[in-house]
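Hello,

I am handing over the structure we spoke about, together with some notes on what was found in it. Please look through the sequence and the model first, then read on.

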Amino acid sequence: MQLSIDLSGREVLITGSDAAARQAVRRYRAAGAIISRLSAPAGAREDGPLPERPFLVAAVDDGQPGWDTLLERCRETGILVAAEPPAGPAGHVTLVGGGPGTPELLTVAAVAALRDADVVFYDRLAPHQELCSLSSGELVDVGKRPGHHPVSQSGIEELLVEAALAGRNVVRLKGGDPYVFGRGGEEVAACVQAGVPVRVISGVTSAISVPAAAGIPVTHREVSHLFTVVSGHAPLTEKEHEHLAGLGGTIVVLMGIGTLHQLAAGLRRAGLPADTPVAVVERGYRPGQRTTIAELGTIARAAAGCSSPAVLVIGEVVRVAEANRGHGGAAADLDRLAASLMGA
Ligand code: SAH
């Protein structure tokens with residue numbers, strides 16, 4: 001069970017070694033608590049008075065023996081005791097997949113890594129609006145917008161490595177999954193090269209979750225048994241259009257708004273029928289989520305007002321969503337959710 005308590009102005013005693021407790025101290029301070037510290041169980045004599053009767057004891061599990069007696073006495077006198085995880089080893093980088101933009105689609109591992117971070121480097125597509133409540137670490141925007149790179153990729157890699165070498169727990173928070181058009185591999189390589197320990201926490205990719213937000217399953221029995229995820233960052237070659245058209249199944253395009261016109265024309269030339277359904281899902285899971293549905297022959301015109309971030313879905317699965325919508329299924333629920341988000 002989880003319980004939220006307003007700790008502003010409350011006395012909190014944090015027990016545990018300095019190394020293990022450093023992040024708990026920061027979290028409780030960020031929550032507005034008045035903090036006192038006990039770094040070794042020997043500091044509290046068995047029969048001595050308890051340190052200044054606190055509202056809460058945050059007991060960090062630092063592996064030292066001897067805390068149990070103190071904590072037991074606290075409990076006996078009616079003081080709340082909260083168990084806190086120790087800070088992870090310092091000086092490493094964690095690449096975290098942030099999902100498509102809502103904190104609800106962060107993984108449990110992502111939430112733990114954010115809580116444990118001394119510094120978080122994030123960008124625009126990560127769920128950054130809620131970061132303050134997920135991490136008390138320093139938050140650094142290295143945001144990329146199409147055609148606008150405030151911090152270059154090599155600059156980001158240098159920042160990650162530098163912070164980890166200075167002994168900080170570094171989280172690099174990325175939209176979706178770090179390894180799907182996220183340059184995660186390059187950031188891992190930069191850490192490895194610098195001798196910095198690095199790990200990757202997979203995230204919910206927009207390639208699957210954003211179509212789902214519009215009620216579109218990327219595969220569906222007897223409709224599509226494969227899906228291909230393509231970057232539309234640069235126009236495809238004629239050969240690539242032919243390959244894609246020849247594969248069948250569902251085509252999912254990320255970063256495809258700028259090249260939609262070329263893609264639709266290319267797939268038509270390569271033989272995909274003009275009435276192949278296409279959906280453009282903009283701003284998945286965010287206020288203003290919008291789905292535009294047309295056909296391959298008409299989508300360029302229909303989506304003229306669409307903007308990034310958006311996921312394109314090309315294939316018969318788009319009709320599955322439309323059929324479910326008609327029956328008040330998941331897609332209709334999502335419409336209502338999107339409408340309420342827009343009203344919020
Ligand atoms: N690593 C990310 C993709 C990065 S490329 C992932 O796995 O999701 C950036 C592209 O992702 C955008 O141009 C857009 O096509 C897509 N995208 C990410 N979040 C999105 C969202 N909330 N709504 C619509 N498209 C999104």
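Glutamate 84 is buried, because its relative accessible area is 13% and the cut-off for buried is under 20%. Please keep in mind here and below that this is a predicted model. Glutamate 84 belongs to strand 4, which covers residues 80–84. Two polar contacts of its side chain are worth looking up. One joins the side chain of glutamate 84 to the side chain of arginine 27, at 2.8 Å. Another joins the side chain of glutamate 84 to that of tyrosine 28, at 2.5 Å. With residues up to four places away in sequence left out, glutamate 84 touches Arg27, Tyr28, Ala58, Ala59, Val60 and Asp61.

Next, the domains. The domain assignment divides the chain into domain 1 (11–84), domain 2 (92–204) and domain 3 (207–342). The C-alpha centres of domain 2 and domain 3 are 28 Å apart.

The ligand draws on both of these domains: domain 2 and domain 3 each give at least three residues to the shell around the ligand. There are 20 residues around the ligand, and Pro100, Val180, Thr205, Ser206 and Ala310 come nearest. By type, the shell consists of 11 nonpolar, six polar and three charged residues. Helix 7 (206–213) and strand 14 (310–314) each contribute at least two residues to the shell.

- The side chain of threonine 205 has an N or O atom 2.7 Å from an oxygen atom of the ligand.
- In glycine 284, a backbone N or O atom lies 2.8 Å from a nitrogen atom of the ligand.
- In alanine 310, a polar backbone atom is 2.6 Å from an oxygen atom of the ligand.

How much of the ligand does the protein bury? Taken alone, the ligand exposes 550 Å², and the protein buries 95% of that.

Helix 7, already named for its part in the shell, deserves a paragraph of its own. Six of its eight residues are buried, so helix 7 is largely enclosed by the rest of the structure. The buried residues in helix 7 are Ser206, Ala207, Ser209, Val210, Pro211 and Ala213. Just after helix 7 comes glycine 215, which takes a positive phi of about 85°.

Glutamate 282 is another residue to look at. Glutamate 282 lies in strand 12, which spans residues 277–282. Is glutamate 282 buried or exposed? Glutamate 282 is buried, with a relative accessible area of 0%. Its side chain makes a polar contact with the side chain of arginine 290 at 2.6 Å. The side chain of glutamate 282 also reaches the backbone nitrogen of serine 307, at 2.8 Å. Not counting residues up to four places away in sequence, the residues that glutamate 282 touches are Gly288, Gln289, Arg290, Thr292, Gly305, Cys306, Ser307, Pro309 and Ala310. From glutamate 282 to leucine 312 there are 30 residues in sequence and 8.7 Å in space, C-alpha to C-alpha.

Threonine 276 sits in the loop between helix 9 (260–269) and strand 12 (277–282). Threonine 276 is buried, with a relative accessible area of 8%. Again without residues up to four places away in sequence, threonine 276 touches Ala294, Glu295, Leu296, Ile314 and Gly315.

Leucine 125 lies between strand 6 (119–122) and helix 4 (131–134). Apart from neighbours within four places in sequence, leucine 125 is in contact with Gly99, Pro100, Gly101, Gly175, Arg286 and Pro309. Leucine 125 and alanine 194 are 69 residues apart along the chain, and their C-alpha atoms are separated by 27 Å.

Regards

Conventions: Residues are numbered from 1 along each chain as its sequence is written. This is a predicted model: local features need pLDDT of at least 70, side-chain atom pairs count only at pLDDT 80 or more; totals for chains, interfaces and linings use all residues. Side-chain values use heavy atoms; hydrogens and water are left out. A residue is near a molecule or strand if one of its heavy atoms lies within 4 Å of it. A polar contact is a pair of N or O atoms within 3.5 Å; within protein, one must be able to donate a hydrogen and the other to accept it, and residues adjacent in sequence count only if both atoms are side-chain atoms. Accessible areas come from the Shrake-Rupley method with a 1.4 Å probe; for residues, only the protein chains shown count as cover. Helices (H or I, at least four residues) and strands (E, at least two) are DSSP runs, numbered from the N terminus. Ala, Val, Leu, Ile, Met, Phe, Trp, Tyr, Cys and Pro count as nonpolar, Asp, Glu, Lys and Arg as charged, and the others, Gly among them, as polar. Domain bounds come from an automatic or database domain assignment. Contact means heavy atoms within 4.5 Å. Buried means under 20% relative accessible area, exposed over 50%, partly exposed in between (1.4 Å probe, protein chains only).
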